Structure formats: C-alpha cells, structure tokens
Amino acid sequence: MLVKPLLSVINTKLLVVTVATKETGGFSRFLRSAKYFNYTVLGRGETWTGGDYMSAPGGGQKVRLLKAALEKMTSEDQIVLFVDSFDVVFASSPKELLRKFQQAKHKVVFSSESLIWPDRHLEDKHPHVREGNRFLGSGGFIGYLPNVKQMISNWTGGDDDSDQLFFTKIYIDPAKRKALNITLDSKCRLFQNLHGALDEVVLKFENGRVRARNVQYDTLPVIIHGNGPTKLQINYLGNYIPNTWSFEDGCTVCHQNLRSLSESEFPLVVIGIFIQQPTPFVSVFFERLLKLQYPKNRLRLFIYNQEPHHEGQVSSFLQDHGSLYQDFKSVGPEEEMDAPASRDLAFDLCRKDEDCDYFFNLDIDVVLQNENTLKILIEQNLPIIAPMITRSGRLWSNFWGALSADGYYARSEDYVDIVQGRRVGVWNVPYVSSVYLVEAGVLRSDLKQNQLFTSSSLDPDMAFCHNVRSQGIFMFVSNMDTFGRILSTENYRTEHLHNDLWQIFENQQDWQDRYIHENYTRMMTDKLVENPCPDVYWFPIFTDVACNHMVEEMEHFGKWSGGGNVDTRIQGGYENVPTIDIHMNQINFEKEWHKFLLEYIAPVTEKMFPGYYTKAHFELAFVVRYKPDEQPFLRPHHDASTFTINIALNQVGIDYKGGGCRFLRYDCSIQAPRKGWALMHPGRLTHYHEGLPTTAGTRYIAVSFVDP
C-alpha cells in the first residue's frame with residue numbers, strides 16, 4: 001500500500017494535508033470533491049506502517065508525516081488543515097472554511113464527537129461545553145502553522161500508536177490547551193463527524209448543490225467525515241455531496257471517466273451463469289443471452305446448474321450455441337458442488353486467466369432485456385457495478401441502499417426514489433446481487449482470497465458484499481438505463497410439461513412477453529381487429545409458442561374425452577353438442593385461464609360490444625381436437641355462453657387441412673383460421689354456427705364460454 005501526505009495549496013493562506021494509504025474509491029471521491037472547490041492536490045508515496053486505525057488505535061504515521069511535511073515551513077500566518085481522505089468529502093469552499101475558522105477565535109480548532117475514543121477513562125477530564133460535543137476527533141483539525149507545529153513537535157510515538165489519544169491528551173491538559181489556544185468545533189460548523197451523530201445529519205438540497213445539515217445545531221459543516229463505523233453513511237452522503245446529484249441537474253459525474261469501447265479491442269469477459277433452483281422462463285433467458293450485443297468471441301461462459309429440472313435446457317443451449325463463444329465450462333448437479341463454491345470457482349476462472357478483463361455475474365432469474373447491458377457497464381469504468389433490476393410491481397430490487405446493524409437489509413431514504421426512477425444516476429451502495437460486473441484487476445488484488453462467498457453465518461451474496469466492503473471497494477448500481485427485471489421463483493411448479501404457462505400470476509410481464517401475440521397491444525390503435533361476419537371479431541392473441549405449448553401440454557396430459565353426450569365433467573352430466581376435448585380444470589389451469597380472459601380478452605370485449613362489461617367468468621374452457629378419423633366437424637349449434645372465444649392453436653395448410661367456422665344465419669364462413677388469433681362472437685340466440693370438416697391432419701382450438 002502507498003501512503004501520501006498530500007499538500008493542497010488553496011491560496012497563500014491555507015495548506016491542506018491528508019494521508020492516503022492507497023488509491024481507493026473513497027480517495028477518488030475525496031479528490032473529486034476537492035477539485036470541485038479548486039483544491040489542487042500534490043503528494044508523494046511511502047509504505048504504510050500506521051496500523052489498522054480504522055478499527056483500533058493507530059494512525060501515528062499520520063502525525064509523523066504531518067510533522068515532516070511542515071518542518072521547513074515558517075510563515076506565521078499560514079493556516080494548516082489536516083483531514084483524513086478515504087471517508088471525507090468537502091461540502092463547501094475554502095472561503096467558507098476560513099471564515100468559520102476565523103470566527104472561532106482560536107489558533108487551533110479540532111473536529112468534535114459526542115463519543116469518546118479510544119480511552120473512556122479520560123471522559124471526566126474533558127472540559128464541559130455549554131452546547132455541543134465535548135470530545136475531540138483527530139480526523140480533522142485546522143490551525144495556524146506555528147501552533148500546529150508546536151502541537152506535534154513532541155510526537156515520539158510509533159507509526160501504529162494512536163494519533164487520537166495523542167491529541168486528546170494535549171487537549172485535556174489545561175496548560176497545553178491554553179498555550180496552543182485549542183478549541184473544539186462543538187456545533188459542527190467546520191467539521192461533521194458522523195459517528196454518534198447519524199440522526200443529526202440530513203441532506204439539504206439548494207440551488208443545484210447539496211449540503212449536509214446538522215439539525216441538532218442548525219449548522220452546515222464544510223467537511224463531512226465518516227469516522228468509525230459510519231463508512232456506509234458517508235458513501236450515501238457522497239452520492240449527493242457536493243454536487244454529485246441534485247434535483248436540478250441530476251447526476252453530474254455519471255459521464256465522467258468513462259471507458260471507451262473499441263470495436264477491435266473489446267475486453268474479454270467471463271460470464272458466470274448460476275442456476276440454483278427451479279426457475280421459470282429458462283429457455284427465454286438463454287434466448288436473451290444470445291441477443292446480448294457483445295462479440296461472442298470475446299465471451300467465455302461458466303454455467304453452474306444444481307437443478308436437474310433444467311439440465312435439458314442447459315445442454316441444449318450449449319450443444320446448439322456453445323461453439324459461438326470463445327470457450328465454455330459447465331458444472332452440473334452430478335458434481336454436487338454447493339453454491340458458494342461454484343461462485344468462488346467462477347471468480348477463479350477469471351482471476352487466474354491473464355486475458356480475463358471482467359467477470360459478469362448473471363443469475364438465471366435475471367430478465368436482461370437491454371441487449372447493451374454489458375457494454376454500458378464496462379463503459380462506466382468502475383470496480384463493481386450492477387444494472388438496477390426490479391421485480392415487476394414491487395419495490396424489490398437487486399441492491400440495498402443501507403444495512404441494518406446486523407448487516408441485513410435496511411431501507412435508505414432514497415431507495416424508493418431510485419427504484420421508481422425519480423432519482424437517476426450511478427449510486428454507491430453497500431450490497432448488490434443477481435447481476436453485476438467485476439473488474440478482473442480487483443479480483444487479482446484486493447479480492448484475491450478464494451472464498452469470497454463462503455461464510456458460516458451469511459448467505460453467499462451477503463458474504464461477498466461483506467468481503468468487498470471490508471476491503472474498502474465501492475459497489476455501484478446504475479439506473480441510468482432500463483435494464484430489465486428479476487423473476488419471482490415463488491410457487492414455481494415443475495410437474496407439467498411447460499410449467500411457464502402457469503406463471504401468469506407470479507411473473508405476468510414475462511408470461512405476456514412469452515405467450516401474448518406481439519401485435520396484441522396495438523391492435524386497437526392499428527385496427528388489427530377484423531370483422532369477418534356480423535358481430536364476429538377476429539384479433540391476434542397468442543404467440544406461436546403459446547399455441548405450441550398449449551397443444552403439447554394437452555397431448556402430454558392425454559386424457560381426451562370420448563366425444564359422447566354423457567360427460568361427468570360438466571354440471572348435469574350431459575353434453576348436447578359433445579367434442580373430443582380436455583377441460584382446463586383437468587390440468588389445473590382454470591385459475592390461470594380465468595386470469596388470461598380477464599386481462600386480455602375482457603378489454604377487447606368491452607371495446608367491441610360497447611356497454612357490456614364482464615368479469616370473464618366462464619362456464620366451460622377446453623381445448624378441442626378435430627381429426628378426420630376421430631371427430632372431423634361439429635354440427636350446427638348455439639353455445640351456452642354470452643359470448644364465445646375460439647383460439648386457433650395450429651396452422652391450416654401446415655398442420656391440417658379444412659376446418660373453420662360457419663355462421664348459418666349470415667351464411668358467413670371463416671375457413672382459414674390464423675394460428676394464435678381469437679374469434680369472438682355471441683354464444684346464444686343469434687350466432688348459430690358449425691365447425692367445418694377437418695379433412696387431413698389434426699386441428700386444435702381453445703374454446704371458452706364466457707358469461708358476465
């Protein structure tokens with residue numbers, strides 16, 4: 001690690017000194033806030049030997065370096081500001097800082113804290129203050145050069161000794177305090193230490209800038225310090241202060257320091273795909289993966305699947321498309337590898353491959369709709385960044401805005417606004433999951449340990465984020481673009497042939513994308529509803545996939561009725577116009593079918609039959625099979641319904657010949673039903689109709705008798 005005593009010459013009066021052990025995200029944030037207020041930073045490197053002063057007394061090297069930096073300076077009116085850097089942001093200008101320092105009317109002003117550290121036995125020796133904090137904080141102080149030099153002249157401690165204790169003993173000594181003319185910034189006018197004061201500090205948005213306001217003392221501190229265990233809180237405040245994000249300008253830094261992607265030199269990315277439980281729409285996941293706009297010869301795949309139910313889908317994808325990628329590796333259920341080990345192994349594949357530039361984590365329940373997601377994330381040029389995805393209709397997302405005291409989820413003040421898109425930017429957050437990009441250099445340096453996901457008490461994703469935070473590495477989530485969503489895996493049943501058909505409740509948007517015709521949503525505006533016969537309407541409703549799945553599901557179930565009049569499945573046990581069919585309730589699909597009718601058929605009904613409103617209750621819903629040697633046609637009849645929906649599930653001329661429907665009163669026939677299109681017509685009284693003969697192949701239709 002490197003340590004830099006950094007000298008920032010603001011003007012001839014003020015000199016800023018800080019120490020940085022390495023080039024972290026926190027240090028970059030410090031420099032960005034300094035640059036915003038025209039602090040010009042200079043420095044040199046040295047090996048850090050100052051101990052772990054983040055969690056225990058230490059940091060004496062800071063005092064030694066400060067002493068050395070000031071040794072040859074002699075100006076009587078030079079003012080010296082010392083601050084930490086990893087967890088500090090400037091919130092205002094040097095002009096305001098100097099004005100507030102001079103108003104303090106002391107030669108040295110230290111930041112203050114409400115909690116004493118590191119020696120609680122010294123509490124009674126601290127002077128009382130009329131209002132404000134009593135205890136000294138060593139993370140920030142400002143003073144005239146002669147006084148500061150005199151204060152540190154007697155430092156003889158080791159690099160891992162406590163600088164806080166050293167300055168505290170000077171402050172609580174009445175004679176030294178008076179001789180050096182030291183005071184505390186008790187009301188946080190210059191410095192705001194967050195430890196012990198989190199409830200006192202809020203964001204104040206004003207004229208395109210953001211300040212931290214101490215509501216306890218009604219002050220606007222110039223320097224904000226996330227000391228002690230408040231690193232996550234300074235990260236949160238750093239998302240806004242001083243001008244990172246505002247209501248007027250939005251995100252002001254999101255387009256800075258971007259990585260330019262050259263068409264000829266795309267970074268090599270290892271994509272880790274993880275399947276840990278039965279999940280809907282896995283085939284769709286792989287279809288979207290193929291559409292990812294990134295050269296496949298610059299992608300390597302690692303697929304971990306511990307769910308036997310999905311083995312066929314994984315092997316089919318690799319067999320059909322694996323050769324498109326530079327390389328691929330898969331781990332199946334037979335290897336009995338647990339989830340943490342699989343993720344550690346995937347990281348290792350990238351870490352040990354000198355050609356690997358990034359690792360892209362992609363869980364199987366991620367619906368990645370934005371085909372440019374990978375490019376967008378790489379261009380952000382950040383160590384770890386996730387595209388924000390949410391669960392449809394819920395506030396659930398793949399990031400946490402804050403953590404509770406025990407390291408679990410807590411809602412940050414801005415979480416809802418970020419999830420709902422009212423605040424758009426790239427956000428420093430304490431936790432990401434499901435889908436994120438990791439820069440390979442980070443894996444080879446700060447995250448080189450090979451069990452990042454393994455913990456005796458934490459879930460793998462929580463363990464990973466904990467290890468990332470402990471290394472001082474920032475994680476970000478972006479909602480600058482719309483990326484996709486995450487599936488619900490609750491109540492996903494695997495006993496059917498096409499289990500995704502049953503997902504209309506848990507994952508309606510994905511169900512719609514998979515099964516509802518692409519022209520359905522624009523059929524009203526684009527006049528796609530046809531009127532082939534009086535009061536008969538014809539419109540697109542199902543995709544080819546929906547039709548195929550419905551037919552295959554019924555044939556897989558296989559218990560077709562005999563086509564006789566006696567039918568114990570219906571009320572009364574007698575069918576006047578029998579068909580060879582399977583009812584929706586026989587495959588436990590009646591609730592899902594009712595939801596489909598209510599969401600997608602009822603709105604069309606209300607448009608086509610003005611003044612009629614339905615809750616889409618159905619007396620009967622079934623799939624009919626017509627075959628020349630079984631039941632080729634249906635004699636003229638009325639339907640026992642207010643209106644009937646008849647959906648063609650396969651294609652005339654390809655799957656069968658003949659077929660269609662004839663309305664006798666109007667002598668009007670539809671003889672070439674389109675696959676996936678619905679025929680809607682009144683059931684009783686007016687629309688006496690017949691099913692025309694199927695002369696070859698097998699014809700399938702889905703029929704619903706709907707009443708109010």
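**View 1. Gln508, Trp511 and Gln512 of helix H15 meet Lys595, Phe596, Glu599 and Tyr600 of helix H17.** Contact means heavy atoms within 4.5 Å. The model is predicted, so local features need pLDDT of at least 70 and side-chain atom pairs count only at pLDDT 80 or more, while totals for chains, interfaces and linings use all residues. Residues are numbered from 1 along each chain as its sequence is written, and side-chain values use heavy atoms, with hydrogens and water left out. H15 covers residues 508-515 and H17 covers residues 590-608. Helices (H or I, at least four residues) and strands (E, at least two) are DSSP runs, numbered from the N terminus. The two helices pack at an angle of about 75 degrees. Their axes lie 13 Å apart. Axes are lines fitted to C-alpha atoms, for helices over the stretch in contact, and angles run from 0 to 180 degrees between N-to-C directions. H15 and H17 are therefore roughly perpendicular to each other. Angles under 35 degrees count as roughly parallel, over 145 as roughly antiparallel, 65 to 115 as roughly perpendicular and the rest as oblique. The contact of H15 with H17 has 3 nonpolar, 2 polar and 2 charged residues. Ala, Val, Leu, Ile, Met, Phe, Trp, Tyr, Cys and Pro count as nonpolar, Asp, Glu, Lys and Arg as charged, and the others, Gly among them, as polar.

**View 2. Helix H2 packs against helix H5 at an angle of about 70 degrees.** H2 runs over residues 60-70, and H5 over residues 163-172. Their axes are 7 Å apart. H2 and H5 are therefore roughly perpendicular to each other. On the H2 side, look for Gly60, Lys62 and Val63. On the H5 side, their partners are Asp163, Phe166 and Phe167. By class, this contact of H2 with H5 has 3 nonpolar, 1 polar and 2 charged residues.

**View 3. The peptide bond from Trp117 to Pro118 is cis.** Its omega is near 10 degrees. Pro118 sits in a loop. On either side of that loop are strand E7 (108-113) and strand E8 (135-144).

**View 4. The peptide bond from Ile241 to Pro242 is cis.** Omega here is near -5 degrees. The loop that holds Pro242 lies between H7 and strand E14 (245-246).

**View 5. Asp218 has a positive phi in a residue other than glycine.** The angle is near 55 degrees. Asp218 belongs to the loop between strand E12 (209-214) and strand E13 (223-225).

**View 6. The protein chain as a whole, for orientation, has 17 helices and 42 strands.** Its radius of gyration is 35 Å, well over the 27 Å that the globule rule gives for 708 residues, so the chain is more spread out than a compact globule. The radius is taken over C-alpha atoms, and the globule rule is 2.2 Å times the number of residues to the power 0.38. The C-alpha trace of the protein chain spans about 110 × 55 × 45 Å along its principal axes.
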